[in-house]
Amino acid sequence: MKKYFGLFFILATISYLDCFEWPQLVENQSSIFAWFGENRGSSFCSALLFSDADTVHASDEGLALAILGTNSNEDGWFSSTLGNTVILAHKNQMNTVYGNLESIDIVDSTTKVKSGDILGKGGSSGWQKGKSCLEFQVLDTKLEAIINPLLLLEKKDIEHDFLVMNLKAKNRTTGLSHTLSNTLKIPPGVYALYCNREPGKMPYKITTSINGIASDTITYNMLVRKNNRLCLQGKRPYQFTEIYPEEGRFMLAEIILTYGKNTLAITTNNSLGKEKKVKYHLEVK
């Protein structure tokens, strides 16, 4: 617990700092192909994936820690599925990873680089199924966390609003699902809340409260390992199969509904702090 408390404290203190420059030109929402935390088929997306192949720049000054090719096999945070890759080491034990490159402009793995230096060009050497793009990761080697790049990149208003649509509550004991509405009468119990999610739209934080008291908060600012699986942090670590149990289904929270009138509020935030809120008035009996 001490380790994770330190991790959350440090992330809280840096969440409004612009530590890194964007590694590739970003103009609007369409510049990003996939967001951190999205469903990547069988795992969380642990990077930002850019939409187009373009010149790739160093996000900060640092040292070229490694240059990997498609046959490399690197233990730990990343694998050869990243294709041609440059890994830079920065201050505060932060690393940035530039994967899926078509070409690499630095040849020495001990090269010192400045912020903005050209590293190469995005391509399709990794596992993007022919998609030519940059895969950009941020790693904190001290805290052993994969960081959402949006936490540290210069703030840009490029995100789509995440809307809670077709909200359902599944009883953890009976397995029965209820489509939520303000006229719903629902039995008490422990429920998982799910909604539909459009591809390309991701929240940064989801806070769920019952009668004004916070019940669960799931954050998309980092991935940590628990029992050798990458997890998001809420009131407990959530694995991929819990957040994405099936195609198009997205878990928002776990809640407990008790007898009486319950006001359920769900607030979603993007990385700029913009929020959307929905409320449901439920009769639990």
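Buried means under 20% relative accessible area, exposed over 50%, and partly exposed in between, with a 1.4 Å probe and protein chains only. By that rule K285 is exposed, because its relative accessible area is 53%. This is a predicted model, where local features need pLDDT of at least 70, side-chain atom pairs count only at pLDDT 80 or more, and totals for chains, interfaces and linings use all residues. Residues are numbered from 1 along each chain as its sequence is written, and side-chain values use heavy atoms, with hydrogens and water left out.

Start with a sheet. Four strands line up in the order β12-β11-β14-β19. The sheet is open and its pairing is antiparallel. Strands here are DSSP runs of E with at least two residues, numbered from the N terminus. Two strands pair if DSSP finds at least two bridges between them. At the edges stand β12 (177-179) and β19 (249-257), each of which pairs on one side only. On average, neighbouring strands of the sheet are turned by 25° against each other, direction ignored. The angle is taken between axes, which are lines fitted to C-alpha atoms; angles run from 0 to 180 degrees between N-to-C directions. Strands of a sheet pair through backbone hydrogen bonds, either parallel or antiparallel.

Now follow β19. Its antiparallel pairing with β14 (residues 189-196) runs over eight bridges. One point to locate is L193, whose bridge partner in β19 is A253. Of the nine residues of β19, eight are buried.

A nonpolar core is a set of buried Ala, Val, Leu, Ile, Met, Phe, Trp, Tyr and Cys residues joined through side-chain atoms within 4.5 Å. The largest one has 74 residues. Y98, L167, L180, I243, F250, L252 and L264 touch the most other members. β19 gives this core its largest share, six residues. In soluble globular proteins, nonpolar side chains tend to be buried together.

Contact means heavy atoms within 4.5 Å. Leaving aside residues up to four places away in sequence, F250 touches F162, L193, Y194, C195, R197, M202, P203, I206, Y220, I243 and Y244. C195 is buried, because its relative accessibility is 1%. C19, at 36%, is partly exposed. The structure holds zero disulfides, a disulfide being a pair of cysteine sulfur atoms within 2.5 Å.

Turn to charge. A salt bridge puts a side-chain nitrogen of Lys or Arg within 4 Å of a carboxyl oxygen of Asp or Glu. The whole structure has 10 of them. K274 pairs with D157, and their closest N and O atoms are 2.8 Å apart. K274 sits in the loop between β20 (260-269) and β21 (275-284), and D157 in the loop between β10 (145-147) and β11 (165-171), so the pair ties together parts that are 117 residues apart in sequence. K274 is partly exposed, at 43%.

E242 forms a salt bridge with R236, with closest N and O atoms 2.6 Å apart. E242 is partly exposed at 22%, and R236 is partly exposed at 28%. E283 bridges to K285, with closest N and O atoms 3.7 Å apart. E283 is partly exposed at 28%. Salt bridges that share partners join R172, R236, E242 and E254 into one network.
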